[in-house]
Amino acid sequence: MRACTVCALKENHPGITIGDDGVCSLCTLDFAGELMENFAYTSRVFEEFTRSGPNPHGDHDCLFMYSGGKDSTYMLDKFAGEYGKRVLSYTFDVPFESAHAAENIKLARERIPATFVVDSDDDNIKAMMREVFNRIPAKPGKYLDEKLPCVSCRSFFVIRAILYAFRHRIPYIVLCADPQQILTMESDVREVVRGFYRTFGRELTGELFGGVLEELLFADEEQLPRIVFPFIAMRYAYDPDRIVAELKAKGLYTSSPLETHCTLFPLLNYYSFANWDCMFYKLNAASHRRSVRRDENHSRSTFSITFPRAADLPLIEERLKKVVLDIAGNRGDPAAQERELIGLFQRLDATEDAARFVAQGFLAMRKTAADLGITLRSTGAET
Ligand SMILES: [Zn+2]
């Protein structure tokens, strides 16, 4: 198995090719052009949004997608306070979300001057997840396919938010993703909807959204909300540690970034190992290696999870793969697996408490899967 000599992505990674020089397509420039195009579009929409006056059609200038995570808490505080926008804070209650994020949402409701709404649709989002996990993906796969459950969940609730904004005539949707996610995210609402149809087909998409998505596909351009990514404007200044420190000082944040993870995090790793022979955060780890190689003095990460520079990621990945697939197949000794997982997460910079918390989620993976109707396979991807 060949691996990129710069970022260590393997040649079977979905959407990646490795050239004769041993360098992958992400590390060479041909991929960067596409990302920059998306980036130019999102920058333009953000500028337009900051200059726009009050929404003449209603009480809110923007629908702010509020998850309770550190990035969106930080920006919600800025938008409702300093930037003077009339903000409708929209939270989609993802049934897989940990209790820690719920606590942050409660703090925000007490301290940030916005209108808060909570939306949910447990049955349909679970039906979608069941479909994603239980089907065997087509090979060789496209870029981000190893993250399909995560990408699909996000698309699902972004579409719910688009429908809400469309019906209430709110012209902008603010979405806080870290700079890495933004560059790979669809920013045109019609494209978000089309992408969902492509992944799930007309029939299932119709069932999941009650047939109303076609309204969006056939609406006039000016009736459709536009998506704004505020972190674009501060992409070179993005500093997760400073954001957390500022939020804690204002009483708006109570947990460490690792603890606000989705409760499906263990299953997301199972999915990427079982189908794509890599850990869930492989692209983030590869991006980190790339930036370290480009700038030896580069010390600040540009995404939420930090990877210690000295960590031997390929080895950690192999060991994590073994534990995850053993748990999926109901093999091995849980006490030994817990020790192994805690050790691995600590090597990825987690504190002992956070590592233990995440390890316990991994040990409960079979139950989490059974509750959702997901059938686990216990062998890795064919290579
Ligand atoms: Zn590479």
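## Aromatic pairs

Phe196 and Phe209 are both buried (under 20% relative accessible area, with exposed over 50% and partly exposed in between; 1.4 Å probe, protein chains only). This is a predicted model, in which local features need pLDDT of at least 70, side-chain atom pairs count only at pLDDT 80 or more, and totals for chains, interfaces and linings use all residues. Residues are numbered from 1 along each chain as its sequence is written, and side-chain values use heavy atoms, with hydrogens and water left out.

The count of aromatic pairs is 16; rings of Phe, Tyr and Trp (its six-membered ring) pair if their centres lie within 6.5 Å, with planes under 30 degrees apart counted as stacked, over 60 as edge-to-face and the rest as tilted. For Phe196 and Phe209 the ring centres are 5.4 Å apart and the planes stand at 80 degrees, so this pair is edge-to-face. Phe196 belongs to helix H7 (residues 189-208) and Phe209 to the loop between H7 and helix H8 (213-218), so the pair ties together parts 13 residues apart in sequence. Helices are DSSP runs of H or I, at least four residues, numbered from the N terminus. Both residues also belong to one aromatic cluster, together with Phe92, Phe156, Phe157 and Phe200.

## Charges over rings

The charged end of Lys85 sits over the ring of Phe49, 4.6 Å from its centre. Lys139 has its charged end over the ring of Trp276, at 4.8 Å from the centre. The criterion is NZ of Lys or CZ of Arg within 6 Å of the ring centre and within 35 degrees of the ring normal.

## Nonpolar cores

The largest nonpolar core has 83 residues, of which Leu63, Leu267, Tyr270, Leu320, Phe345 and Phe362 touch the most other members. Such a core is a set of buried Ala, Val, Leu, Ile, Met, Phe, Trp, Tyr and Cys residues joined through side-chain atoms within 4.5 Å. Helix H5 (residues 148-167) gives the largest share, 10 residues. Domain 1 (32-249) and domain 2 (263-372) both contribute, so the core lies between them; these bounds come from an automatic or database domain assignment. A second, separate core of 27 residues includes Tyr74, Met75, Ala80 and Ile105.

## Leu376 and the cysteines

Leu376, in the segment after helix H15 (365-372), is buried at 18% relative accessible area. Beyond its neighbours within four places in sequence, its contacts include Leu267, Tyr270 and Ala328 (heavy atoms within 4.5 Å). Its C-alpha atom is 7.4 Å from that of Gly329, 47 residues apart along the chain.

There are 0 disulfides (cysteine sulfur atoms within 2.5 Å). Cys4 is buried at 4%, and Cys62 at 0%.

Key:
Helices (H or I, at least four residues) and strands (E, at least two) are DSSP runs, numbered from the N terminus.
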